[in-house]
Amino acid sequence: MPRRAWLGWISTLLYLPLLYGLGWLTVQPAVAWGLLDGWRADQIALLGTALAFVLLLLTLPRRLRTVWGEPRPWRTLGVAVGWATGLRSLLRGLIKALLLLVVVAGVLLFSGQARWSGGLTPAEAINAVALILGVGFAEELVFRGWLWGELSQRLGGGPLGDQRALLTQAVVFSLAHTRFNLGLVPMAGLLVGLWLLGLALGLQRRADGGSLWGAVGLHGGLVGGWFSLLAGPLQIQSTVPLWLAGPGGADPNPIGGLLGWAGLGFLLWVRRRWFWSWPGSVT
């Protein structure tokens, strides 16, 4: 591989870890000076992650201009697509997330593995909305925005490079989210389910003509919606089969079980025409 290509791969591999490290280092003086006394370790880590994301927002446009040669970085990433297009894509993604959650919850209820009770407090509802918009946007900007485009360039560019990047970004997304302390079978279930989700989110962006907001709605809707269900309305039995609802017992992750696989597999089948389609606006 030419020296320039190696340097490009090193730049890609180090970009996010360096930003995360800078976010962590930025928090440490506040910890040392006692400004964050009373904060839990996970809250401090979350603050460092939030600062790293701010650094990403500040540096990403310049990276796209210098490394990708893109004069309109936010347009290329699928963020700046116009209010009407963005809102339409976001709603389509949210509707798909809602339908998937209805199917999962419905099967659990009708099979006797869960019961419906209670509701959401205002604080829980606000938290759910924050998850939909915050987690959905942040992760989609990283994986279906920056990473997909970066991999497409490193893997040859054009339709073939983009197709390789579609599959690879789903693998990276899966590995980044899988919990490796669950045991072999639960871990394998999550790896497969997360890979399917990564593909479904990629095809969602393709179907939306490059707009990132449909993937934001689908991803954020699944995360925020599932949190909302488990926070009150849906009480799941601790004995629910792992193969059905995924690992976690009474707090399962359905992505790692048959319900999640089936729902995502159906979504991929619906979007199958976009698997080999390469609209130039994606990257």
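Me: How many nonpolar, polar and charged residues make up the lining of the largest pocket?
Reply: The model is predicted, so local features need pLDDT of at least 70 and side-chain atom pairs count only at pLDDT 80 or more, whereas totals for chains, interfaces and linings use all residues. Residues are numbered from 1 along each chain as its sequence is written, and side-chain values use heavy atoms, with hydrogens and water left out. A pocket is an open set of points on a 1 Å grid over the protein atoms alone where a 1.4 Å probe fits, with protein on both sides within 12 Å along at least five of seven lines, and its lining residues have an atom within 4 Å of a point. With Ala, Val, Leu, Ile, Met, Phe, Trp, Tyr, Cys and Pro counted as nonpolar, Asp, Glu, Lys and Arg as charged, and the others, Gly among them, as polar, the lining has 22 nonpolar, five polar and one charged residues.

Me: Which element gives the most to the lining of the largest pocket?
Reply: Of the 28 lining residues, T49, A138, E139, V142 and F143 lie nearest the centre of the largest pocket. Two or more lining residues come from each of α1, α2 (41-68), α5 (122-154) and α6 (158-177), where helices are DSSP runs (H or I, at least four residues) numbered from the N terminus. The most, twelve residues, come from α5.

Me: Which residue forms a salt bridge with R63, with the closest N and O atoms 2.5 Å apart?
Reply: A salt bridge is a side-chain nitrogen of Lys or Arg within 4 Å of a carboxyl oxygen of Asp or Glu, and R63 belongs to a network of such bridges that also includes R154. R63 lies in helix α2 and its 2.5 Å partner in helix α5, so the pair ties together parts that are 87 residues apart in sequence. That partner is E150.

Me: Is E150 buried or exposed?
Reply: Buried means under 20% relative accessible area, exposed over 50%, and partly exposed in between (1.4 Å probe, protein chains only). R63 has a relative accessible area of 10% and is therefore buried. E150 has 1% relative accessibility, so E150 counts as buried.
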